[in-house]
Amino acid sequence: MTLRVAMIGYGFMGAAHSVGWRQAPRMFALPDDVEMSVIVGRNAEAVADAAARWGWRESATDWREVIGRDDIDLVDIVTPGDSHAEIAIAALEAGKHVLCEKPLANTVAEAEAMADAASRAAARGVRSMVGFTYRRVPAVTFMRDLIAQGVVGQVAQVRAAYRQDWLVDPEMPLAWRLQKEHAGSGALGDIGAHIIDMTQFVTGQAVTAVAGTLDTIVKTRPLQGSGSGLSGTAADGFGEVTVDDVAIFTGRLDDGALVSFEASRFATGRKNGLTIEVSGDRGALAFDLEDLNSLQFYDRTDPTDRQGFRTILVTEAEHPYVAAWWPAGHMLGYEHGFTHQVVDLVTVIAEGTDPHPSFAEGLSVQRVLAAVERSSENESAWVRVAADVS
Ligand code: SOE
């Protein structure tokens, strides 16, 4: 069978997902073929250019028309969060499998509607998945496996941070990621969502309560002229930043462990610094995205005179995903997670099982985001992550 893919959107994530769709069938033995059929965007000239550059057969400007086509099997959504719900629900109702970029939506209500649509579609064999791509960095998948095997023992505490610095410059223009109506929230939803998902993924536990504070450091910025997303030039005039620059919060996991979370676009000098450290009664594991081919492992059962964190190079054929790439010891990078995401999605579609992270898992992250916002509005009081928080 051939899985015919339409991708809606063509910004930074469009490029990253295109790499995934292109590389997966070349480097992995997939159960089905993949065809990069159509890429969709509002600007006909720009999207045609993206199609030619990234290897899509066609370009189009009307996503509704593309979703209605019989020769499309899967819709990949890489637009800003304000259109995720509408596109995903329409695609699922049209019987198309869906891959949707994170965070799943801009609000809990949208995420709930998407999760409902996904479970109705699953009953008809239509699959859906959220693009929390960092789960598919081999070292992160391996960290999850090691924790599940008990190498750190009972999880006592987690430290999770995602630090970037692209907003330190007050001249950085007011991109869509800084506008609540387009992005839902700021650092919280954009990068905080990754560390919430990663914490739940590696520990296998849900975040059940949070207490935190959001802050917007630069409150007005130059309007955006050319470009979009993370790059772009300023135009005349200023506009209000309506999302957070920094989100700092504490979480509680199912088994009671505390988690410190930090999501910041004001971490001067940190470019894409995602770190997570899980401490347990037997040992500890730590991951740093800026050094993504390795894990730090501390084993409390080592002889006392030889204790200390050791580096595990996650570059061997035994490690998740690695065997399909280069000879042992050769490194992978940021883009490989997008390929692994395609591999896993195509595989489970062929098997007829549901992918992870599911829309229900995306909704669970959305509820944590909403609970952090509510806590921040209420002098950082603890808020339970429950179905009634929206
Ligand atoms: C911008 O902060 C961003 O591109 C996020 O939106 C992505 O999810 C992350 O992979 C890199 O940073």
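Q: Is Phe359 buried or exposed?
A: This model is predicted: local features need pLDDT of at least 70, side-chain atom pairs count only at pLDDT 80 or more, and totals for chains, interfaces and linings use all residues. Residues are numbered from 1 along each chain as its sequence is written, and side-chain values use heavy atoms, with hydrogens and water left out. Phe359 sits in helix H10 (helices, H or I with at least four residues, and strands, E with at least two, are DSSP runs numbered from the N terminus). With under 20% relative accessible area meaning buried, over 50% exposed and in between partly exposed (1.4 Å probe, protein chains only), the 1% of Phe359 makes this residue buried.

Q: How many Å apart in space are Phe359 and Met114, C-alpha to C-alpha?
A: Along the sequence, Phe359 and Met114 are 245 residues apart. In space, their C-alpha separation is 6.9 Å.

Q: Which residue does Lys102 form a salt bridge with?
A: Side chains of opposite charge can pair when their charged atoms come close. The rule here is a side-chain nitrogen of Lys or Arg within 4 Å of a carboxyl oxygen of Asp or Glu, and for Lys102 the closest N and O atoms are 3.0 Å apart in its pairing with Asp190. Lys102 lies in the loop between E5 and H5 while the partner is in helix H8, so the bridge ties together parts 88 residues apart in sequence. Lys102 is buried at 10%, and at 12% so is Asp190.

Q: Which residues make a nonpolar surface patch of about 260 Å²?
A: Patch members have over 30% relative accessible area and no salt bridge, with like charges joined within 9 Å and nonpolar side chains (Val, Leu, Ile, Met, Phe, Trp, Tyr) within 5 Å. Tyr334, in the loop between strand E16 and helix H9, is partly exposed at 31%. The patch is made by Phe12, Leu230 and Tyr334.

Q: Which residue does a cis peptide bond join to Pro357?
A: Most peptide bonds are trans. Pro357 lies in the loop between H9 and helix H10. With omega about -5°, the cis bond joins Pro357 to His356.

Q: What is phi of Ser380 near?
A: Most residues other than glycine have a negative phi. In the loop between H10 and E17, which holds Glu379 and Ser380, Glu379 has a positive phi near 50° and is exposed at 77%. Ser380 is partly exposed at 29%, and its phi, also positive, is near 65°.

How values were computed. Areas by Shrake-Rupley, 256 points an atom, 1.4 Å probe, with all protein chains shown as cover.
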